[in-house]
Amino acid sequence: MNMEKNYKTEIRSIEVKKLPERFPHRALLRATGVGDMDFDRPFVAIANSWNEIVPGHYLLDKISNKVKQGICSGGGVPFEFNTIAICDGIAMGHIGMCYSLPSREIIAESVRFMVEAHRFDGVVMLASCDKIIPGMWIAGSRLNIPTVFLPGGCMLPGFTTHYDERVGLNHMYEFVSKIKNNIISEDEQKWIEKYGLPTCGSCAGLYTANTVSILTEVMGLTLPYASTTPNVFSSKLALAKRVGEVIMGCIETGLRFKDIVTYEAIENAAIAFLALGGSTNGVLHLLALAKDMKIDFTIDDFMELSKKVPHIVNLNPAGPFFIVDFHRAGGVPALLKKLKPLLNLDAINIEGKKLKKIIDEAKIYYDKIFVNQELIGQKEVDIYKQSIIFLKGNLAPRGAVLKWSAVKYKKELIKFEGVARVFNREEDAVDAILNGDIEKGDVVIIRFEGPKGGPGMREMLMATSALVGQELDRYVALITDGRFSGATRGLAIGHVSPEAYERGPIGLVEDDDKIIIDIKNRRIDFYMNDGNIEERKKKLEKLISEVEVKKKAEGFLKIYRKYAASADEGGLLVV
């Protein structure tokens, strides 16, 4: 093959363009505009999740054009294709959310199918939002070819009619209760609806989309500052062109996905995640990636790290700052500079640059965005200054997760005792909350919403937002085998494993059982108001049968229900 450069990567595209018997293949490629000189250059895929319904993806077609320019200037031939992307905000609170997490598996395989079938030499993963980026992580793991990511970037925060009050997606959901109770006027509602989410991009706070974008950068899969550069900034376009150039560098040097994503890189991501207090979905997706790569990083590793890593970035929904503020303060490199004593500094990124060098070059422009810095390096961090708490007990033998940084009344809620109010689907719980049927001291249990039970492990943002909107987040806990949006606030415990559908103890709970949540000792337990455990097991079997009828799984959801791993293993499809 007469290549201009001495590429260390195997040029896989030879298989479709250079062999003598590939005459028909070349004819087909020429039909798309491939010219004579292009056959001597690497073929590079751009896996783009662009569509016209998700705000985080709406401008990715424009960004992709710049990536193509970078690939061309680096000596490659770009080919763009698309994969699916679901907006969790639009899918929230109804059956649409059943399709959200399972879409991660379809994204992973759709990207792998396209790249393998057409024998691309490298791939740029261009995406935003919750499952899409993790789905592309998993695709990268399975392909293990030169791979560079470009997160689409955040939107800018919005505002209410009070100009000094900035808002994000969490406020949109929390306003529902206030609208229902006529606390917000019709004019104010219309204003917020128009200007609360003012630009394209991933939702403005540290929700799941921006959590996984940042973790992508921490793992070294994109360029410094790429994960926090807002979607609408012109600097995003400059980064896009540079990404196109960098993928050609990876092909030239032979740098592959698994050279970058190692145990050390995943551990670095977990540390950064805990320091940020990111969406609990970050736990789910990192565990899924580790499981897919057969890297022995588990929920127990998360639990041990959570005791050592302080919450140091005060971002919405837990704090007043948004992703754009974090970016201006120095972004991910600034965060990593603060965390330097805890990190694996020999980990490399897509440019082959060691983390230590990235940290040394980093600048911090606004230190006030960081808190609890004096705790970095301590053997165990004060419980009140941790971000994510992992709980176990007779209600969750294999674990549950709480975004502790998003709990406003920590000292009052460090130990919570209440009585169970049990619901077998989210909608029933939301109706009960909005209708005033939930009282102080209740523990709302929402079950049969796990990976298999949902199916699809729906997010419970409607329920948690209703509690906040009713000003009950100080007095009521919520526990589910489903999951939560990163916009969730309050004493909301998810990922309970095993889930009810797999006959986990959460399926045995009944109304008026006593629930004890002990944050300090990382326990979550229930105590039956009667002692007849065998009778409850019989009731659970009946409930499972009823769920299979009422929540009938069809198509891919039927496959997902059968083969999805538990939440403590990332909800990964295992066949």
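Q: How much space lies in the second largest pocket?
A: In this predicted model, local features need pLDDT of at least 70 and side-chain atom pairs pLDDT 80 or more, while totals for chains, interfaces and linings use all residues. A pocket here is an open set of points on a 1 Å grid over the protein atoms alone, with protein on both sides within 12 Å along at least five of seven lines. With points joined across faces, edges and corners, and volume taken as the space filled by probe spheres set on them, the second largest pocket holds about 430 Å³.

Q: Which residues lie closest to the centre of the second largest pocket?
A: Residues are numbered from 1 along each chain as its sequence is written, and side-chain values use heavy atoms, leaving out hydrogens and water. The lining of this pocket, meaning residues with an atom within 4 Å of a point, is made up of 21 residues. Of these, the closest to the centre are Arg-425, Gly-454, Lys-550, Lys-551 and Lys-552.

Q: Which element gives the largest share of the lining of the second largest pocket?
A: Helices (DSSP runs of H or I, at least four residues) and strands (E, at least two) are numbered from the N terminus. The elements that supply two or more residues to the lining of this pocket are α19 (426-434) and α21 (533-550). The largest share, 4 residues, comes from α21.

Q: What is the volume of the largest pocket, and which helix gives the largest share of its lining?
A: The volume of the largest pocket is about 600 Å³. Among the 26 residues that line this pocket, those closest to its centre are His-171, Glu-174, Lys-408, Val-468 and Arg-489. The largest share of its lining, 5 residues, is supplied by residues 169-180, which form helix α7.

Q: Which strands stand at the edges of the open sheet of 4 strands?
A: Strands count as paired if DSSP finds at least two bridges between them. The order in this open sheet is β2-β1-β3-β4, and the pairing is parallel. Each edge strand has a single partner, so one side of it is left without a neighbour in the sheet; these strands are β2 and β4 (147-151).

Q: Which residue is the bridge partner of Val-44 in β3?
A: Strand β1, made of residues 43-48, and strand β3, made of residues 122-127, pair in the parallel sense over 5 bridges. In β3, the residue that partners Val-44 is Gly-122.

Q: Which strands does helix α6 touch as it packs on the sheet?
A: Contact means heavy atoms within 4.5 Å. Helix α5, residues 100-117, packs on the sheet and touches β1, β2 and β3. Helix α6, residues 132-143, also packs on the sheet, and the strands it touches are β1, β3 and β4.

Q: Which residues does Gly-75 touch, not counting those up to four places away in sequence?
A: Gly-75 is part of the loop that runs between α3 (60-73) and β2 (77-82). Once residues up to four places away in sequence are set aside, the contacts of Gly-75 are Tyr-7, Arg-41, Pro-42 and Met-248.

Q: What distance separates the C-alpha atoms of Gly-75 and Ser-202?
A: Gly-75 sits in the loop that leads from α3 to β2. Along the chain, Gly-75 and Ser-202 are 127 residues apart. Between their C-alpha atoms the separation is 32 Å.

Key: Axes are lines fitted to C-alpha atoms, for helices over the stretch in contact, and angles run from 0 to 180 degrees between N-to-C directions. On a 1 Å grid over the protein atoms alone, a cavity is a set of points where a 1.4 Å probe fits but cannot get out, and a pocket is an open set with protein on both sides within 12 Å along at least five of seven lines; lining residues have an atom within 4 Å of a point.
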